[in-house]
Amino acid sequence: MSGDFDLGANSAETDVEPAAAAIGIALSEANNEPSIAADARDFLRKQSRYLELQMEDLHEQRDLTLSHLRWRRFNDWIRAAWESALAVVGIFAIVVLASAVWSAFHAKGLVVRPFKTPPDFATKGLDGTVLAQRLLDKLNGLVVESEPVAFHSADAIRGDWGDDSKVEIPQTGVSVDEMSRSLRAWLGSETHVSGEIWPTRDGIAVTVRADRGAGATVTGREADLDKLLDNAAEKILAETQPYRYAAVLVQRGAFAQAIDYLRPIAHGGAQADRAWAYTFWSNTLVFAGDNRASIPLADMAVRLDPSDPSGYFSRLSAEADLYQAEGTLRDLRAVGRLVTGSRPANLSVPALAVMRQEVPFGVCGLTGDYLCAATEAQQFSNLDFFGFQYGDLLVASNEALAHDGSAARALLESHPQWNDGTAVFYSPAVGDMLPRFFVFANVEQWRLAAMDAAAADRATQGAMGHRDTRHTYVWPWLAYAWARSGNIAGADALIAMTPLDCTPCLQMRGRIADVKNDPASAAYWFARTIADAPSIPFATTDWGAMLLRRGDLDGATAKLALAHKIGPHFADPLEMWGEALMLENRSDLALPKFEIANRYAPKWGRLHLKWGEALGYLGRSIEAHAQYEAASALDLSPGDKAELAKQRAAVKI
């Protein structure tokens, strides 16, 4: 049996440990050989002892092994945390570096380096850093001075340094600030200003330069150092931001000098700057009173950048002063479309606010919605124009045009220092105003109206900036008031002096012809006015009124209906349309016209008078009486007052 047992084969087949195999052999042999039994028992005892020792060793090593494994796991955690920290630090360093590079690349601020000065300046407290700060303050002051007329957002002005202006403090050694400064100098587009002061035979000289440009030098007495720094700051601004410096010159009334800076930008500047330069050039001519020359420049600005509302706004400013009503209305609506919603990127916030206020006010006024215009004008009450708040004048003027003389008078009486000369003087800034004139005209006190307009004309005589306003606004109304008060010769002479591309100049020619009982000539001028300004309802209304007075009810109704279509919120054609229907014995159809007109002129005395008459004809005496009561508390012409007394006496309630 022993010869048949193969240890190697058995181990390989059963995969039993050698010790177990040895024990199996010993037991097998012990069964066959008694002499071997003692050795086998001894072997088993030793093997058992060996196993016991192994078990004791394993038990003793258990705690050490567990402790070692815990420590190795802790080390793994520490290594992972350290590697994570290194990764975070690396990422942070990359982010900081990228941020620094990005910031440096977009840097466009103003950096003024300390001046080089004579040694004795430091003993007077005027070292280079102090002088650099004084120059910086003056430069920032010029920027603030330019804002009211620039209309250009800071980001859109080439060379603008915005709010990032500082004096550079020299440092030694390597620092984060020094590295940031080097990056900005390498990648950014900062404007660096340096300068020096040195003594001359007669005083001192101050030289300043921007970046590596040629220096500009001003000389004078040391006692005039502050003034010399003013001049130096202007030279730096003119070199680095000619557009903004032109705005400063406009603020100071130096229009010709401003144009000298704008002209080369408009003709040969960067594409992004040309439209703005033409716009500001156009605006400058408006400020100077040369409106006709400004319009072609605004046309060019609009062609170069039709998405920019500033070109349209500049053009409508000139058109408004020339009283070219159709063009003004067209450009107001264009500006309205462009400033609705988000702010155009190149437009300043103050400019956007002005445009958003002007558009609804202007559109309402040009379409005869005077109640709307008066409401919108209230937004101008807090605007300050060279120390004068003119908003109430604008409100009063439109209240008078809406036939609310009582409200207009109350507002004017709260400002006893105001007159229509004041109103005309400020008209080019915001809109045409003649509040006292219209209060008088509303009750047909034409002699007083003429005297008021003549006084307003004298108040602005000789002012170049008001020349066009006088010719296209004051003169047409003054000529008409003269015609209504009997001075036909004066009216003819004055209206003949007004231009033929001005909407009210044409319209008043028609009105004056009507006063002279020349309906054919009046119709000619009304037709010409309508052709000049087809979107404006006033001449069509005047034509309808003339036909109504002459008994042509069909013709009057057609014109008044057309005027209402053009200006649906203009109360005058609706009221006269109602009168025409009453003359056709259709008071029932007149009532809706009066009701609609009342929405847009609720304080119109004549409207309530005629409304009452229509109700009386329909036998609605109580309602008629209520309308007569309303009319009696409102402004009425002498003729309307007499008619009211007659109707009130006749009504039976």
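1. What covers the buried residues of helix α17 includes α16 (391-401) and α19 (435-442). Helices here are DSSP runs of H or I with at least four residues, numbered from the N terminus. Within α17, which spans residues 405-413, the residues Gly405, Ala408, Leu411 and Leu412 are buried, where buried means under 20% relative accessible area, exposed means over 50%, and partly exposed lies in between (1.4 Å probe, protein chains only). Seen down the axis of α17, these buried residues fall within an arc of 130°, so they line one face of the helix; the arc is taken over the directions from the helix axis to the C-beta atoms. As a general point, an α-helix has 3.6 residues a turn, so residues three or four places apart point the same way.

2. Before going further, please keep in mind that this is a predicted model, in which local features need pLDDT of at least 70 and side-chain atom pairs count only at pLDDT 80 or more, while totals for chains, interfaces and linings use all residues. Residues are numbered from 1 along each chain as its sequence is written, and side-chain values use heavy atoms, with hydrogens and water left out.

3. The confidence of the model deserves a careful look. The pLDDT, which is the predictor's confidence in each residue on a scale from 0 to 100, averages 83 over the protein chain, and 81% of the residues score at least 70. Over residues 1-16, however, the pLDDT is below 50, and this stretch has 10 contacts in the model beyond near neighbours in sequence, a contact being heavy atoms within 4.5 Å. Over residues 171-188 the pLDDT likewise stays under 50, and the model has 20 contacts for them beyond four places in sequence. Where pLDDT is low, the predicted coordinates should not be read in detail.

4. Which helices do the buried residues of α25 pack against? They pack against α14 (349-366), α15 (370-377), α23 (503-515), α24 (519-532), α26 (553-566) and α27 (571-583). Of the 12 residues of α25, 11 are buried, so this helix is largely enclosed by the rest of the structure; among the buried ones are Phe538, Trp543, Met546 and Leu548. Helix α25 (residues 538-549) reaches 17 Å from its first C-alpha to its last, close to the 16 Å expected at 1.5 Å a residue, the expected span being 1.5 Å times one less than the number of residues. Just after α25, Gly551 takes a positive phi of about 85°.

5. The structure holds two disulfides, each defined as a pair of cysteine sulfur atoms within 2.5 Å. One joins Cys364 to Cys372 with an S to S distance of 1.9 Å; with 50° about the S-S bond, this link of Cys364 and Cys372 is right-handed, and both cysteines are buried. Another joins Cys502 to Cys505 at 2.2 Å from S to S, and with 80° about the S-S bond the link of Cys502 and Cys505 is right-handed. Cys502 is buried, with a relative accessible area of 0%, and Cys505 counts as buried at 0% relative accessibility. Counting bonded cysteines along the chain, the disulfides follow the pattern 1-2, 3-4.

6. There are 30 salt bridges in the structure, a salt bridge being a side-chain nitrogen of Lys or Arg within 4 Å of a carboxyl oxygen of Asp or Glu. The side chains of Asp226 and Lys138 form one of them, at 3.0 Å from N to O. This pair links distant parts of the chain, with Asp226 in helix α7 (residues 225-240) and Lys138 in helix α5 (residues 128-150), 88 residues apart. Asp226 is partly exposed, with a relative accessible area of 36%, whereas Lys138 is buried at 16%.

7. Asp260 forms a salt bridge with Arg263, the closest N and O atoms being 3.5 Å apart. Both residues lie in helix α9 (residues 255-268), three residues apart, about one turn of the helix. Arg263 is partly exposed, with a relative accessible area of 34%.

8. Arg648 and Glu629 also meet in a salt bridge through their side chains, at 2.3 Å from N to O. Here the pair links distant parts of the chain, Arg648 in helix α31 (residues 638-650) and Glu629 in helix α30 (residues 621-632), 19 residues apart. Arg648 is partly exposed, with a relative accessible area of 33%, and Glu629 is partly exposed at 34%. Elsewhere, salt bridges that share partners join Asp299, Arg315, Glu319, Arg330 and Asp331 into one network.

How values were computed. Helix = DSSP H or I, 4+ residues; strand = E, 2+ residues; numbered from the N terminus.
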